[in-house]
Amino acid sequence: MFSYLLRGRPLGARSVSKCAIAVAAIVLLCGVDSAHAAQRKMSLTQLTTKADHIVVGEVIDMHCYEGVWQAVGPTIFTDVTLRIEEEWKGKVKAKTLTVRVPGGELADGRRIVVSGMPKFTMNEKCLVFTRKYEGTQWVFGHMQGKYRMKVKRVVSKFGFAIDKDILTHALKPKIEALIVKERRERKGR
């Protein structure tokens with residue numbers, strides 16, 4: 001039998017059961033649902049055609065709070081507000097767009113880190129693909145749907161749809177062409 005230790009003391013069977021329950025709860029809070037447990041690589045076509053909005057914007061607010069994720073249960077979310085500089089797909093009624101991201105840290109120090117979710121920082125400029133889920137916009141494709149920007153360049157992520165740094169004036173026409181192709185295919189059905 002394995003010997004379990006907590007702060008240098010052996011754990012009894014009851015303590016091991018409590019630890020197993022705690023670990024299971026953490027796994028559930030971090031998302032065991034198949035969409036989050038293992039992410040499939042998405043192509044630029046998939047990100048573009050399935051996203052409701054594609055925007056370039058700057059992070060102007062981040063608000064963490066407790067909420068309920070229908071697929072998981074109670075958890076911590078961060079709502080990230082972007083000041084929109086460019087809309088590449090979709091129309092946003094205001095000059096800002098708020099996207100929900102699972103995870104974050106509350107004022108009392110409690111926090112949840114959800115693997116595979118994008119990380120945002122204040123004043124960061126980024127390209128974001130979003131899709132409506134549970135009544136609000138979420139980053140589509142999880143971390144695959146958010147890219148940092150430097151000046152007029154999208155910073156790549158190895159192994160993702162945008163895997164080489166690219167200037168926005170070169171990327172935007174590619175995305176626009178994919179949107180046009182998607183619309184034509186829908187009309188042809």
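**Note on a predicted protein chain**

1. His142 is buried, its relative accessible area being 15% (buried means under 20%, exposed over 50% and partly exposed in between, with a 1.4 Å probe and protein chains only). The residue sits in the loop between strand E9 (136–139) and strand E10 (146–150) (strands, E, are DSSP runs of at least two residues and helices, H or I, of at least four, numbered from the N terminus). Although His142 is not a glycine, its phi is positive, at about 55°.

2. The basis of this note should be stated. This is a predicted model, in which local features need pLDDT of at least 70 and side-chain atom pairs count only at pLDDT 80 or more, while totals for chains, interfaces and linings use all residues. Residues are numbered from 1 along each chain as its sequence is written, and side-chain values use heavy atoms, with hydrogens and water left out.

3. The chain as a whole comes next. Four helices and twelve strands make up the count of such elements in the protein chain. The protein chain has 189 residues, and 39% of them count as buried. Among contacts between residues at least 6 apart in sequence, 58% join residues at least 24 apart (contact means heavy atoms within 4.5 Å).

4. Gly116 belongs to the loop between E7 and strand E8 (125–133). With a relative accessible area of 15%, Gly116 is buried. Gly116 and Gly141 are 25 residues apart in sequence, and their C-alpha atoms are 9.3 Å apart in space.

5. Asn123 also lies in the loop between E7 and E8. Is Asn123 buried or exposed? Asn123 counts as exposed, at 55% relative accessibility. The phi of Asn123 is near 65°, a positive value in a residue other than glycine.

6. Arg110 is placed in the loop between E6 and E7. Its relative accessible area is 42%, so Arg110 is partly exposed. Apart from neighbours within four places in sequence, Arg110 is in contact with Glu66, Ile76, Gly104 and Glu105. For one of these, Ile76, the separation from Arg110 is 34 residues in sequence and 8.8 Å in space, C-alpha to C-alpha.

7. His53 forms part of strand E3. This residue counts as buried because the relative accessibility of His53 is 11%. Which residues does His53 touch, not counting residues up to four places away in sequence? They are Lys89, Gly90, Lys91, Val92, Leu97, Val128, Phe129, Thr130 and Gln137.

8. Helix H4 covers residues 168–188, which is 21 residues. At 1.5 Å a residue, H4 should span 30 Å (the expected span is 1.5 Å times one less than the number of residues).

9. Thr168, Leu171, Ile175, Leu178, Ile179 and Glu182 are the buried residues of H4. Seen down the axis of H4, these buried residues fall within an arc of 100°, so they line one face of the helix (the arc is that of the directions from the helix axis to the C-beta atoms). On the other side of H4, the exposed residues are His169, Arg184, Lys187 and Gly188.
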